[in-house]
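Please look over the sequence and the structure shown below before reading on.

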Amino acid sequence: MSHKPIRRVGVVGSGVMGSGIAAHMANAGLPVLLLDIVPREEGAPRNAIAAGNLKATAKARPAAFFHPSNANLVTVGNIEDDLAKLEGCDLIIEAIIERLDIKRSFFEKLDAVVNDDTIVASNTSGLRIADMIEGRDAKFRENFLVMHFFNPVRYMKLLELVPGPDTTPEVMARVTRFGEDVLGKGIVVGKDTPNFVGNRIGVHSMMSTIHQMLADGLLPEDVDAITGLPMGHPKSASFRTADMVGLDTFAHVARNCYDALPDDEEREVFKLPAFVDGMVEKKILGNKTRGGFYKKTKAGIETLDLETLEYRERGGDPDIKKACKSIGKIADPGERVKKLVATEGKVGDFAWKVLGKSLAYAARRIGEITDDVDAVDDAMRWGYNWELGPFQTWDALGFVETLERMQADGIDVPASVVKMKESGATSFYREDGAVFDLAKGEYVARPADPRNVTWTVLAEKSAPVLETKGAGGKAYDLGDGVLGVTLTTPYNTIDVGSVDILWDAVARAEADFESMVIFNQGANFGVGANLASVVMAAMNKQWDDIGRLVDRFQGACQRLKYATVPVVSAPFGMTLGGGLELVLGCDAAQAAAETYAGLVEVGVGLIPGGGGNLNLLWRALEGYPEGATVNTYDIVTQVFKNIAMASVATSAVEAQHKGYLRWSDGVSFDRARQLHEAKQKAIGMARSGYHAPAPRAHVLPGESGIATLEMMVDTLVAGGYATPHDGLIAKRLAIVLCGGKGGAAGPVTEEHMLAIEKEQFLSLCGEAKSIERMQHMLMNNKPLRN
């Protein structure tokens, strides 16, 4: 049974978590049956609750579905009429109210309809497995476990699996494989204790932070300055994160810890201060009520006064803010947190008090909530978006030094950690990948998934094959005949250096390799062109310089497109402007599921200038058979709208719907596996008969199409929906996409399209308002509408 795939899923309970789980199952292409109770209101449709929650989930922001059409994979029903339909499911996930009596009653009914190989899971975070399945038969108990997803399910990588006393290893293996391979989750196996791993450590950290804030007389702004990036935590830090999660949710988890952990040595830490109870009572719950610790107003951000529960102007200690801003700029998270703790004064003192207690508490939980230190670190990185988990942070601060400081400060350090030091160990993690096992008192090797190979391991094990002199890019031998290219410009922007590496890499790949992969590093694949160089050249009227850059970038994208070896891009995060043009020039893509792609040049007063207009339109036309009579105006119009409105896809799947990616392109649910999957895609293409495509030409709308699109633009400008300068940009775009005035006279070649694109791009570079927009973007990192 352990090898049987999970193909159909049932979710019972359509609240926020249940609907989020159902949505992500649908994102993975699985049909889902979503059930809830029958409404109490007389005459209401019997499936109204599940249907209403599904409808709300389809409109949720951030989006739960990769694309609205994925909701078609979810069928709704109710527990009274449709329970028997769960019989055909391979996996049933219960996400109903956290009441033991209701869960027991449901599992009793479910026991009568499930197959012997159906896995039943609960998404509970507070109830014990043995209590929930009391009275169930042996097979039900063997197939039962906890699958604890983190919210929002689509975006949070962590999936905690907790086996019951009778759960079979085969069931655990089957669900682990499903979670990793199908859902793209990171699996942490925990023990059946309140709030499991992530929330036990995370809530303790947050509550310790709150109590220390009150003890030291700091403000929420001060704390967030310290506990955000400087500590290796998200920018949202402590209180902004609480606003995002919801104060009611946070308070519920903290109360659950306090009530369910009478023997925890730090139980009092989980006791909520009065101001949190007051916030919950007054419905000051965070983003969901448009106000929590912080509140957006027309005048700016205001902060809640924790004594009066009234909002005040945002404040905080300017010295704390200044010091933390400087620390936050350090690239390496380990060096960052080390600098934070070493900082003299309030900043370093507060950071140490919070971290010292949190790290020791995590160490004392080993053996209780999980057996492995790396499981705790994974839970905090994947479930709370920490850059470093507690034990990785401990290593960054220095294992021995931190232990000795804890002991000097009277912090309770478990004997297992003291023995670890006595054994001569100097860190929890060794460079060879081994991790110290506190129970065994020795380093143990952790099995590594080869699909999680990093760029550092795969590429940088040897010197680069190619490298630009300055910032630009590097190319490495990835093995198996694959040349890997990565840009090294700030934010992976497109400029002279990055364009040069593309030209050189294609030539080298054709000479010495079978295929090529473009895999950038950092937070985003690419955010567009280097505007600073374009603005400077435009202000100095250096049109020839801009023209040469356009020629080189257009040529590089065409060179990728017609290389004699397959070229695979690996977009992720923001893939905008020139970043997407680079992707459009490649034969295929292996995109991270969370890829946010669009041609957004209109926001800086320009149109795409690297062949993006050509390649996006040509992709939209490539599915039509030769000889077919095609109304290209309709297709041109949609491409025009996507570019003129700077339409950004909010997932790789939506990018496929918009035509930014092909339907044949791969989607990596787990970003950690994207490099491996991109390489495998390139190898597969190279070894399955790849041949470079031939250039194509299309008849386009020409002058009549330009006139029609211009009328549409004029209507929008007249109605106040677009500025006159927006209208000017859109009209220049229309000229390009319609193939110029003569586009309808005969097939328009790619060379002609590129020439028109360059001409219109240069004309916009000379517009004063376009230069103003580019300058504004450089200074404020957001578009200017004028």
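Lys283 is exposed, because its relative accessible area is 56%, where exposed stands for over 50%, buried for under 20% and partly exposed for values in between, computed with a 1.4 Å probe and the protein chains only. Lys283 is placed in the loop between H12 and strand E9 (294–297), with helices (H or I, at least four residues) and strands (E, at least two) taken as DSSP runs and numbered from the N terminus. The phi of Lys283 is near 60°, a positive value in a residue other than glycine. This is a predicted model, in which local features need pLDDT of at least 70 and side-chain atom pairs count only at pLDDT 80 or more, while totals for chains, interfaces and linings use all residues. Residues are numbered from 1 along each chain as its sequence is written, and side-chain values use heavy atoms, with hydrogens and water left out.

Leu309 also has a positive phi in a residue other than glycine, near 55°, and lies in the loop between strand E10 (300–304) and E11. Leu309 is buried, since its relative accessible area is 12%. Most residues other than glycine have a negative phi, and most peptide bonds are trans.

Which peptide bonds are cis, with omega near 0°? One runs from Arg61 to Pro62, and Pro62 is found in the loop between helix H2 (48–58) and strand E3 (74–78). Another runs from Asn151 to Pro152, with Pro152 placed in the loop between E6 and E7. Val153 belongs to the loop between strand E6 (144–149) and strand E7 (158–163), and counts as buried because its relative accessible area is 3%. Although Val153 and Ile21 are 132 residues apart in sequence, their C-alpha atoms are 6.1 Å apart in space.

A salt bridge here is a side-chain nitrogen of Lys or Arg within 4 Å of a carboxyl oxygen of Asp or Glu, and by this rule the count comes to 52 salt bridges. Three of these pairs are set out in the table.

| Salt bridge | N to O distance |
|---|---|
| Arg364 and Glu266 | 2.6 Å |
| Arg336 and Glu387 | 2.5 Å |
| Arg430 and Asp432 | 2.9 Å |

The side chains of Arg364 and Glu266 meet in a salt bridge. Arg364 lies in helix H15 (residues 346–365) and Glu266 in the loop between helix H11 (247–260) and helix H12 (274–281), so this pair ties together parts that are 98 residues apart in sequence. Both Arg364 and Glu266 are buried. They also take part in a network of salt bridges that links Arg200, Asp264, Glu265, Glu266, Arg364, Arg365 and Glu368.

Arg336 forms its salt bridge with Glu387. This pair links distant parts of the chain, 51 residues apart, with Arg336 in helix H14 (residues 333–342) and Glu387 in the loop between helix H16 (373–384) and helix H17 (390–397). Arg336 counts as buried because its relative accessibility is 4%, whereas Glu387, at 33% relative accessibility, counts as partly exposed. In the pair of Arg430 and Asp432, Arg430 is partly exposed at 38% relative accessibility, while Asp432 is exposed, with a relative accessible area of 54%.

Tyr491 is found in the loop between strand E16 (482–487) and helix H21 (496–512), and it counts as exposed because its relative accessibility is 69%.A positive surface patch is formed by Arg314, Lys321, Lys325 and Lys329. Arg314 sits in the loop between strand E11 (311–313) and helix H13 (318–328), and is partly exposed, with a relative accessible area of 45%.

Helix H28 (residues 674–686) has 13 residues and should span 18 Å at 1.5 Å a residue, which agrees with its end C-alpha atoms being 18 Å apart; the expected span is 1.5 Å times one less than the number of residues. In H28, the buried residues include Gln674, Leu675, Ala678 and Lys679, as well as Ala682, Ile683 and Met685.

Conventions
Patch = residues over 30% accessible without salt bridge, like charges linked within 9 Å, V, L, I, M, F, W, Y side chains within 5 Å. Areas by Shrake-Rupley, 256 points an atom, 1.4 Å probe, with all protein chains shown as cover. Lys, Arg positive; Asp, Glu negative; His and termini not counted. Charge placed at Lys NZ, Arg CZ, Asp CG, Glu CD.
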